[in-house]
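Visitor: I am new to this structure. Please take me through a single part of it, slowly and closely.

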Amino acid sequence: MHIFLVRHGESLGNISEQAYRQFGDHNVPLTQWGYRQVLEAGRVIASHLKARPSAESSKLSIWYSPYLRTRQSKDALLEVLPSDLIADAREDYLLREQDFGLFTEIYDRAEQKRKFPEEFEKWARLRNNNGKFYARPPDGESRADVAQRVRLFLQTVMHEAKHGRNNVIIVGHGVTNRAFEMNFLHHSVDWFERSDNPGNADVTLIEGTATEGYTSILIHKAVDRAKGEEGELRDAYGSELVTAKIG
């Protein structure tokens, strides 16, 4: 199997959390920079596929989260991947971003505590007593919850692999992609807590066989903004979107 895990490109939410208030987490768009990041990620995947032996060149199944930034990232990949290599592209809600509940639009801990003092203290106690992996934000999901639903999605991937769909691209989020890697490679909770989310538009490749085992490797680290480029390409990708001034 060859599974490419692609995190969405830079979104407006990666620039300023105000975007989550303006659009809602599910509808935060990529930036122009983020779209370019994913185009480059797609070219890396295309080059990787081109270098493979013909025996390994079966068509790609693309899965993506229903959030706008992942759908736009999927579109960017389809722009640069050879169309004759694409079997299909399908959405799956199990790949959505972690639900942070009351804290979805608030990533600053001080503001979380100020707006929801009782809920924040309860969450802090849960993190301290049970560990970050198991502690649920108020009305939200823990990392364990995310890993559990991603395991359900993994069953779909493995079922299709039995029918020859061995080449897969998954366009997801930082936590969901990390949870997929954890589940597929049977990593421990400790591994999850010690690892970091992939960067925007990073590509991790999981490959191997059931008999010989599987490995993962980061095959593409997306380029971050260079010094002096902080203000460039910060607008939302997609001309149909009207965005407030953020950042």
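Visitor: Which residues of α4 are buried?

Guide: First, some ground rules. This is a predicted model, where local features need pLDDT of at least 70, side-chain atom pairs count only at pLDDT 80 or more, and totals for chains, interfaces and linings use all residues. Residues are numbered from 1 along each chain as its sequence is written, and side-chain values use heavy atoms, with hydrogens and water left out.

Now the helix. Helices (H or I, at least four residues) and strands (E, at least two) are DSSP runs, numbered from the N terminus. Helix α4 covers residues 68-80, 13 residues in total. From first C-alpha to last, α4 reaches 19 Å, close to the 18 Å expected at 1.5 Å a residue. That expected span is 1.5 Å times one less than the number of residues.

The buried residues of α4 are Leu-68, Arg-69, Thr-70, Gln-72, Ser-73, Lys-74, Ala-76 and Leu-77. Buried means under 20% relative accessible area, exposed over 50%, and partly exposed in between (1.4 Å probe, protein chains only).

What covers them? The cover includes helix α3 (32-50) and the strands β1, β2, β3 and β4.

Those strands belong to an open sheet of 6 strands, in the order β3-β2-β4-β1-β5-β6, with mixed pairing. Strands β3 (86-91) and β6 (213-220) stand at the edges with a single partner strand each, so one side of each has no neighbour in the sheet. Two strands pair if DSSP finds at least two bridges between them. Strands β1 (residues 2-7) and β4 (residues 167-172) pair in the parallel sense over 6 bridges. Within that pair, Val-6 has Val-171 in β4 as its bridge partner.

Back to α4, and to Arg-69. Its side chain meets that of Asp-25 in a salt bridge, 2.8 Å from N to O. A salt bridge is a side-chain nitrogen of Lys or Arg within 4 Å of a carboxyl oxygen of Asp or Glu. The pair links distant parts of the chain: Arg-69 sits in α4, Asp-25 in the loop between α2 (18-23) and α3, 44 residues apart. Arg-69 is buried, with a relative accessible area of 1%. Asp-25 also counts as buried, at 8% relative accessibility.

Strand β3 lies among the cover of α4. Arg-96 forms a salt bridge with Glu-141, with the closest N and O atoms 3.7 Å apart.

How values were computed:
Contact means heavy atoms within 4.5 Å.
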